[in-house]
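Here is a short briefing for a first look at this model.

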There are 2 protein chains.
Amino acid sequence: MNEKTVHKFTYGLFVLSTEKGDSYNGCIINTAIQVTTSPNQISITVNKQNYTEELIKNCNKFNLSFISEDATFDLFERFGFKSGRDTDKFADMSNNDYKLSGNGIPYITKGTNAYISAWVNQTIDLGTHTMFIATVTDMDVLSETPSASYSYYHANIKPKPQALKSEGKVWVCKICGYVYDDAKESIPFEELPDDWVCPLCKHPKSDFELQK
Amino acid sequence: MNEKTVHKFTYGLFVLSTEKGDSYNGCIINTAIQVTTSPNQISITVNKQNYTEELIKNCNKFNLSFISEDATFDLFERFGFKSGRDTDKFADMSNNDYKLSGNGIPYITKGTNAYISAWVNQTIDLGTHTMFIATVTDMDVLSETPSASYSYYHANIKPKPQALKSEGKVWVCKICGYVYDDAKESIPFEELPDDWVCPLCKHPKSDFELQK
């Protein structure tokens with residue numbers, strides 16, 4: 001089996017947002033598709049290590065904001081590089097960069113071209129991930145900028161490894177470009193447990209390579 | 001709700017192939033994603049009107065061939081514009097354009113850049129469509145040509161409406177570009193039943209527009 005085969009899939013990129021007590025949380029996903037037109041249903045697949053997965057199981061509703069080609073890396077840093085267990089991702093976000101939809105959940109208005117609000121009607125356990133099948137309750141187009149594909153993100157949005165300088169070893173996720181800089185972390189990369197996963201794309205430790 | 005929102009999804013394009021008695025069948029889908037890495041599982045969603053959906057339910061296995069940007073329209077005509085109920089889609093296909101994988105099912109080698117063989121382990125009824133969740137049993141990269149996205153297909157592969165000349169009315173599917181030429185059909189478009197769907201993308205009759 002050639003492991004590189006799965007890189008041939010074509011994905012969009014989304015901010016998946018939901019309720020967290022009296023605030024909100026969100027994460028980045030690339031696995032959202034429309035599955036039926038009548039009724040209008042979508043499916044999303046979320047790693048169980050994402051706090052957002054647990055939160056959606058509690059409230060059964062979410063928003064999907066479609067990331068567009070004018071998105072900047074700070075959107076990925078905010079939603080992809082931290083866990084909502086430790087931080088409120090919306091707390092210091094400008095009110096101009098998101099809005100609340102009818103379901104009371106924010107959708108992102110900067111660096112996005114559309115949003116969907118949905119209500120979960122089926123939850124499927126896939127082991128490491130949970131798939132939610134959900135009925136669309138609201139949706140709108142926000143701009144005509146093209147949707148950012150995963151390959152567009154790689155080529156144009158994620159920071160180029162050559163720009164990084166560090167006192168220690170620097171490890172880069174081959175899948176999403178996440179950078180683990182030993183000099184900025186409390187644990188050197190090589191000492192992380194074997195089941196550690198990339199905080200952004202949740203791929204395993206084995207998908208990181210040492211920056212030359 | 002703005003119906004155009006769903007056009008912001010980013011999709012790949014695939015030939016989905018499986019067994020049909022002592023021969024094979026296949027159709028075009030755009031709804032295939034990887035859902036877990038360990039084990040390696042993918043999900044596909046197939047309209048129940050596609051004969052391939054019924055065939056996969058019988059044998060629980062399929063191949064997915066990833067359509068690349070060098071694909072030509074004849075690949076879409078062969079797999080997307082006819083039903084395998086009436087025709088053997090592989091009968092007159094050149095032996096150079098497909099190969100059999102270990103599971104005995106063909107994958108397409110022309111106009112594609114990868115293939116996956118998979119074994120169905122979960123079947124989910126979504127009303128008009130069936131979702132198959134399947135474990136990858138084999139996979140390989142076939143070329144380094146980029147995968148064709150749905151928007152690439154629209155812009156570069158599907159025939160341009162202005163090239164069409166007809167004695168009668170010509171109707172074009174806004175979703176996939178399928179052309180219904182009254183002069184070449186036994187039933188005029190306007191007399192087709194309300195539940196008629198586009199033979200290529202399975203979108204409803206209401207997604208067709210009269211060519212100006």
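E144(A) forms a salt bridge with K8(B), with the closest N and O atoms 3.1 Å apart. A salt bridge here is a side-chain nitrogen of Lys or Arg within 4 Å of a carboxyl oxygen of Asp or Glu. The rule finds two salt bridges across the interface of chain B and chain A. This is a predicted model: local features need pLDDT of at least 70, side-chain atom pairs count only at pLDDT 80 or more, and totals for chains, interfaces and linings use all residues. Side-chain values use heavy atoms, leaving out hydrogens and water, residues are numbered from 1 along each chain as its sequence is written, and chains are lettered from A and ligands numbered from 1 in the order in which they are written.

**Between the chains**

- Chain B and chain A each give 50 residues to the contact (heavy atoms within 4.5 Å).
- About 4,000 Å² is buried between chain B and chain A, 67% of it on carbon and sulfur atoms. Buried area is the accessible area (1.4 Å probe) that two parts lose on being put together, summed over both.
- K8(B), F9(B) and M139(B) supply 18% of the area that chain B buries against chain A, more than any other three residues.
- Between chain B and chain A, 14 residue pairs are in polar contact, both at pLDDT 80 or more. A polar contact is a pair of N or O atoms within 3.5 Å; within protein, one must be able to donate a hydrogen and the other to accept it, and residues adjacent in sequence count only if both atoms are side-chain atoms.
- β9(B) gives the most to the side of chain B that touches chain A, with nine residues. Strands are DSSP runs (E, at least two residues), numbered from the N terminus.

**Symmetry**

- A rotation of 180° with 0.0 Å of shift along its axis superposes chain B on chain A, at an RMSD of 0.1 Å.
- The same surface serves both copies, as 100% of the contact residues of chain B recur in chain A.

**Domains of chain A**

- Domain 1 of chain A spans 3–154 and domain 2 spans 159–211, with bounds from an automatic or database domain assignment.
- About 990 Å² is buried between domain 1 and domain 2 of chain A, and carbon and sulfur atoms give 59% of that.
- Zero salt bridges are found across this domain interface of chain A.

How values were computed
Least-squares fit on C-alpha atoms with pLDDT ≥ 70 in both. Helix = DSSP H or I, 4+ residues; strand = E, 2+ residues; numbered from the N terminus.
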